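User: Could you take a close look at the charged and aromatic side-chain contacts here? I'd like to know which residues pair up, and where they sit.

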Amino acid sequence: QALDFADAALQLDSIDGRWDKVAVRRSQKRGILMETGQDNQARKELELAVPVFREGNNLNSLAISLAQLGEIAFKDGDISAAEKAYDECVDVCMKTNNIYIESRARKDLWQMHRNSRHELGLLHLERYMDLQNQLNSEKTAELMQSFNVKYETLKKEQTIALQRSRIVYLF
């Protein structure tokens, strides 16, 4: 049923000429197709979406779609197509500083090359590890900031409660 809804939304956007939305719908449809084991159809949807993302300079969606294309091709054993998709994905991610998607692509590139092209595999593994450290550092900083806000709020609430109790005590 989800596939029917995705097709209907895609058709409505097509009728209205919203090609950027059509490309996004195709990318979303890919997930449904892969869940139902229709990888070849998912690949075709992404291959139709990618040129639209390029033309519209929608680099985030382009990077995601290229990573997904690489994933499907790698899963199907099409190493050449996977490498091409992942390499372009990495280029786009480096231009936009999208370290999350780049790390996904680097991990798969490492897995692809670790047994055959050792030096290239190692290069991707090292970059993947650097990106993971960067992502973990950012998460840690966010958690520390959140903790600090909660701590400062709690201190202020305690101060207010103490001041209220003093006021009540004075009266």
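**Side-chain contacts**

Analyst: Starting with the rings, the count comes to 0 aromatic pairs, where a pair means that ring centres of Phe, Tyr or Trp (its six-membered ring) lie within 6.5 Å, called stacked if the planes are under 30 degrees apart, edge-to-face if over 60 and tilted for the rest. Keep in mind that this is a predicted model, where local features need pLDDT of at least 70 and side-chain atom pairs count only at pLDDT 80 or more, while totals for chains, interfaces and linings use all residues. Residues are numbered from 1 along each chain as its sequence is written, and side-chain values use heavy atoms, with hydrogens and water left out.

Now the salt bridges. Side chains of opposite charge can pair when their charged atoms come close. The cut-off here is a side-chain nitrogen of Lys or Arg within 4 Å of a carboxyl oxygen of Asp or Glu, and the structure holds 10 such bridges.

Take E47 and R43, whose closest N and O atoms are 3.6 Å apart in a salt bridge. Both belong to helix α3 (residues 39-55), 4 residues apart, or about one turn of the helix. Helices here are DSSP runs (H or I, at least four residues), numbered from the N terminus. E47 is partly exposed at 44% relative accessibility, whereas R43 is buried at 16%; buried means under 20% relative accessible area, exposed over 50%, and partly exposed in between (1.4 Å probe, protein chains only).

Other bridges run between helices. R104 forms a salt bridge with E71, with 3.4 Å between the closest N and O atoms. R104 lies in helix α6 (residues 99-113) and E71 in helix α4 (residues 59-75), so this pair ties together parts 33 residues apart in sequence. R104 is partly exposed at 29%, and E71 is partly exposed too, at 32%.

Since R127 lies in helix α7 (residues 118-170) and E102 in helix α6, the pair ties together parts that are 25 residues apart in sequence. R127 is partly exposed at 27%, but E102 is buried, with a relative accessible area of 1%. Finally, salt bridges that share partners join R26, K29 and E45 into one network.

Terms used
Helices (H or I, at least four residues) and strands (E, at least two) are DSSP runs, numbered from the N terminus.
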